[in-house]
Every structure is written in C-alpha cells, then in structure tokens.
Amino acid sequence: MMDVCLEPQYLPDLVLDIIFSNLELPDFLSCMLVCQNWHRVIIDGRSEPWKLLCRRKVPKELLKSKLLSQLNNYKDKLRAFYHSWNPDDCSMNIVVKHNGFTLYRNQVPHSTDMARTKIGYSNGKHAWEITWTGPLGSVAMVGVSTKEAPVHCSGYLPLLGINEHSWGWNLIDNILLHNGVSHGSYPLLSNTPKYQIGEKLILILDSENGILYFKKCNEFLGIAFKNLPNTKLYPSVSTVYGKTEISIVYLGKRLCKNDYDIFW
C-alpha cells in the first residue's frame with residue numbers, strides 16, 4: 001500500500017485544530033504565515049485553538065461575564081487580557097485583581113495613585129472601555145501617560161496630567177490637564193451631565209494623528225488632546241478614593257496595517 005503524505009497546507013481543519021490547540025500565542029503568528037489554509041483557520045477568533053488558549057489564560061468566570069460581553073470571540077477576549085492593567089506599573093497602593101481587568105485602590109489617606117496598562121501604543125487607532133465602579137472622590141482622572149509619569153504622589157492631586165508626561169480628564173470638574181496646566185473644559189458639548197459611577201467611557205487613542213478623545217453612550221464628546229508626541233502612550237487612571245475600583249477592556253485596533261497584526 002502506498003503511503004499518503006499530506007503537505008501542511010492540505011491538512012484537514014480537524015487535524016489543524018488539534019495541532020494549533022497545543023501551541024502558545026507567539027506560535028500562532030508564525031503558523032499564520034505558512035499558507036493561506038493555516039491563516040484561514042487561525043484568523044477565526046471563534047476557532048477551537050483560540051477557545052482553548054483563552055481558557056488557559058483567562059479566568060473561567062470572566063469568559064461569560066458582563067465585563068467582556070461586548071467582545072464577540074475568544075481571540076478578542078484573550079487580546080483584551082493582554083492589554084489590561086499592569087500590576088507591575090502602578091502605585092503600591094493599587095492592587096490589580098486576579099482577573100487583570102479591574103484595579104482596586106487601597107484605603108490610604110493623603111495619597112494619589114495611578115495605574116497604566118501593560119502595553120503602550122505609538123501607532124494605529126485603539127479603543128478601550130473604562131468603567132469606574134467605586135466612588136470617584138475629589139479627583140478622578142482618566143487619560144494617557146508615558147512610562148516617565150509618576151504613579152504616586154502625596155496629597156489629593158490631579159496626578160494624571162500634572163507634568164509633561166501625562167494627559168488627563170478630571171471627571172469631577174470636567175477639566176483637561178497636561179503639564180499642570182488646564183486645557184479647558186471637557187466634554188466639548190453643552191449641558192453634558194457629569195460622569196456617573198458605572199457608566200462606560202470609551203477612550204480612543206489615535207496615534208497616527210496624535211489625538212485623544214472619548215465617547216459615552218455612543219456619543220462623541222469631542223477631541224480632548226491634539227498633537228500628542230510620537231512615543232508610546234499608555235491608557236492610565238489616577239484616583240484618590242479608597243476602595244474604589246476601575247475596570248478597563250481593550251476593544252481593539254481600529255486601523256490595522258495588515259491582517260497579520262492580530263494582536264499587538
């Protein structure tokens with residue numbers, strides 16, 4: 001009997017699913033480049049390999065949680081996990097919960113504390129959903145910062161925006177701040193109610209054009225900052241209130257240069 005040997009590009013989907021399900025994330029991109037058939041299987045975020053990899057990395061209770069309900073497939077949920085809060089790049093008074101998406105600010109008096117995401121961005125257009133699920137306190141900032149921005153200071157201050165390395169919107173007084181200077185009121189709409197606990201904000205960073213803006217309830221709030229520097233910027237928040245919680249979910253890259261850029 002003649003042996004039958006299938007070339008990689010002709011392996012059936014079931015066999016490919018078994019092979020890919022044993023791989024780690026960095027291997028996925030390499031496999032996508034082998035042939036169109038492998039690319040087709042891996043690019044599908046609903047496929048079995050993505051499902052199993054997601055289950056290995058993301059806490060089980062999160063996969064069907066309300067927090068990730070706006071993400072349509074396993075690839076998007078896993079990507080959001082890799083783009084969530086960085087437990088090694090935040091104030092010592094902040095704890096990133098096991099799920100990775102939510103931070104908790106300890107009850108420490110006379111302190112302002114900040115956190116950044118795991119990944120910084122210097123190209124493309126990206127969007128995140130940010131939700132404050134605890135009290136705002138007297139200062140509650142949301143925006144972006146570089147690695148050079150401090151993550152802690154004494155007192156109750158608008159830390160995000162206090163120097164040249166960060167840009168922030170204070171949800172309490174609706175003022176934009178950069179380099180310690182007010183950049184006017186925000187949102188750029190008339191009669192806009194202030195942020196309420198539990199509302200979902202969409203932060204959009206357009207690195208291609210150097211702008212930062214927000215949406216709330218699908219309403220465009222205007223451009224917050226222009227002429228952002230061509231360097232890595234990290235979505236960030238700073239808070240002063242003890243026991244507050246803030247969640248972030250990466251919604252994806254809105255301008256992809258090519259199909260291979262599936263994750264970063």
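In the predicted model, helix α4 meets helix α6 through Trp50, Lys51, Leu53, Cys54, Arg55 and Lys57 on the α4 side and Tyr74, Lys75, Lys77, Leu78, Phe81 and Tyr82 on the α6 side. The residues of this contact comprise seven nonpolar and five charged, with no polar ones. The axes of α4 (residues 48–57) and α6 (residues 74–82) come within 8 Å and cross at roughly 30°; the crossing of α4 past α6 is left-handed.

Two of the α6 contact residues, Phe81 and Tyr82, also belong to an aromatic cluster, together with Phe101. Phe81 is buried, since its relative accessible area of 16% falls under the 20% limit. Tyr82, at 23%, is partly exposed.

The count of aromatic pairs is nine. In the pair of Phe81 and Tyr82, the ring centres are 6.0 Å apart and the planes stand at 85°, so the arrangement is edge-to-face. The rings of Tyr121 and Tyr250 have centres 6.1 Å apart and planes at 15°, and this pair is therefore stacked. Tyr121 lies in the loop between β4 (111–117) and β5 (125–132), whereas Tyr250 lies in strand β15 (residues 245–253); the pair thus links distant parts of the chain, 129 residues apart. Both Tyr121 and Tyr250 are buried.

In helix α2 (residues 25–32), the buried residues are Leu25, Phe28, Cys31 and Met32. Viewed down the α2 axis, these residues fall within an arc of 105° and so line one face of the helix. Residues three or four places apart in an α-helix point the same way, because a turn holds 3.6 residues.

Notes. Residues are numbered from 1 along each chain as its sequence is written. This is a predicted model: local features need pLDDT of at least 70, side-chain atom pairs count only at pLDDT 80 or more; totals for chains, interfaces and linings use all residues. Side-chain values use heavy atoms; hydrogens and water are left out. Buried means under 20% relative accessible area, exposed over 50%, partly exposed in between (1.4 Å probe, protein chains only). Helices (H or I, at least four residues) and strands (E, at least two) are DSSP runs, numbered from the N terminus. The arc is that of the directions from the helix axis to the C-beta atoms. Axes are lines fitted to C-alpha atoms, for helices over the stretch in contact, and angles run from 0 to 180 degrees between N-to-C directions. A crossing is left-handed if the near helix is turned anticlockwise from the far one by less than a right angle, and right-handed if clockwise. Contact means heavy atoms within 4.5 Å. Ala, Val, Leu, Ile, Met, Phe, Trp, Tyr, Cys and Pro count as nonpolar, Asp, Glu, Lys and Arg as charged, and the others, Gly among them, as polar. Rings of Phe, Tyr and Trp (its six-membered ring) pair if their centres lie within 6.5 Å; planes under 30 degrees apart count as stacked, over 60 as edge-to-face and the rest as tilted.
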